[in-house]
Amino acid sequence: MAARPTWKGYLKISLVNIPVRVFPATDAAATISFNQLHRECRTRIQQKRWCPTCQVEVPNTDLVKGYEFEKGQYVVLEEEDIAKVRPESTRVINVVQFADASMIDPVYVERPYYLAPDGNVAAEAFAVMREGMAGKAAVGKVSLYGREYLVAIQPREKGLVMYTLRHASEVRAMGAIDELNVVPAKIKPDEVKLAKQVISNFETEGDLTQYKDDYQLELRKIIDAKVAGEEIVLPAEEAPPKVVNLMEALRQSLERVSAAKKRTARIEDAETAQTAAKAPAKKRARA
């Protein structure tokens, strides 16, 4: 099923305006979701807005926005108050600066979207700007649904990927984590060397497509089994090993990796030998 755009507008870079379509980069349908039911009759429950003071259900028309400035004390903001600062929704992603792609700190990233040209006429300009942005990140702003978003845009494959970003005021400084104050400044070189050896045994090209959401897969199996009325057998839980000290844990990790590699090598050698043994038989059969 082809992806559908959720927004159409223009990517504005200086005096260049490129018609674009915006697509969600993530698939919410890939995650299993649940509804809340009444256990007795299996009916989906309704969420009601209830005022505990007046003991009544409150309709949407009687709801207002309140900001708690002190415990239990609220100031009410009407729609006309919010309208005074609400940015007007536009159809323009306005790029204000470019920088090296490495400047985008992952902690600021909120949600990814894909950008594609809106129509054949826009395709050429889109391709030119995408190639021109190689290794760069564009930072810009877009106003949607009464809110201004900070965004970063980078080239990706045939298109562009746009990330909505958190503002600096929304990101907590790492210095606010008191537990980090106990992290030692001096570390034993032998332990670091051993840690690097363990890490090097797990180094790959970082292909995330090889990983599957095992929780979702197992959850789907349980759902299918319950729908079919089958018995569900829970897998046995493996107890985590007890770590006596860091050096011993690192040594055991190296030994385990080494044993796994030897076991894999023996299997591959056995398969190669079987293949070699079968090859002459095939040649004789053809003769």
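Author: A closed barrel of 7 strands runs in the order β1-β2-β8-β11-β10-β9-β7, with mixed pairing; strands are DSSP runs of E with at least two residues, helices are runs of H or I with at least four, and both are numbered from the N terminus, while two strands pair if DSSP finds at least two bridges between them. This is a predicted model, in which local features need pLDDT of at least 70, side-chain atom pairs count only at pLDDT 80 or more, and totals for chains, interfaces and linings use all residues. Residues are numbered from 1 along each chain as its sequence is written, and side-chain values use heavy atoms, with hydrogens and water left out.

Reader: How do β2 and β8 run, and how many bridges join them?

Author: Strand β2, residues 16-24, is antiparallel to β8 and joined to it by 5 bridges, and Val22 stands opposite Leu115 in β8.

Reader: And which helix packs on the sheet?

Author: Helix α2, residues 120-132, packs there and touches β1, β2, β8, β10 and β11, where contact means heavy atoms within 4.5 Å.

Reader: Changing topic, what is the volume of the largest pocket?

Author: The volume is about 260 Å³, taken as the space filled by probe spheres set on grid points joined across faces, edges and corners. A pocket is an open set of points on a 1 Å grid over the protein atoms alone, where a 1.4 Å probe fits, with protein on both sides within 12 Å along at least five of seven lines, and lining residues have an atom within 4 Å of a point.

Reader: Which of the lining residues are closest to its centre?

Author: Of the 14 residues lining the largest pocket, the closest to its centre are Tyr113, Leu144, Tyr145, Tyr149 and Thr164.

Reader: Which strand gives the most to that lining?

Author: Strand β8 does, with 3 residues.

Key: Axes fitted to C-alpha atoms, helices over the stretch in contact; angles between N-to-C directions.
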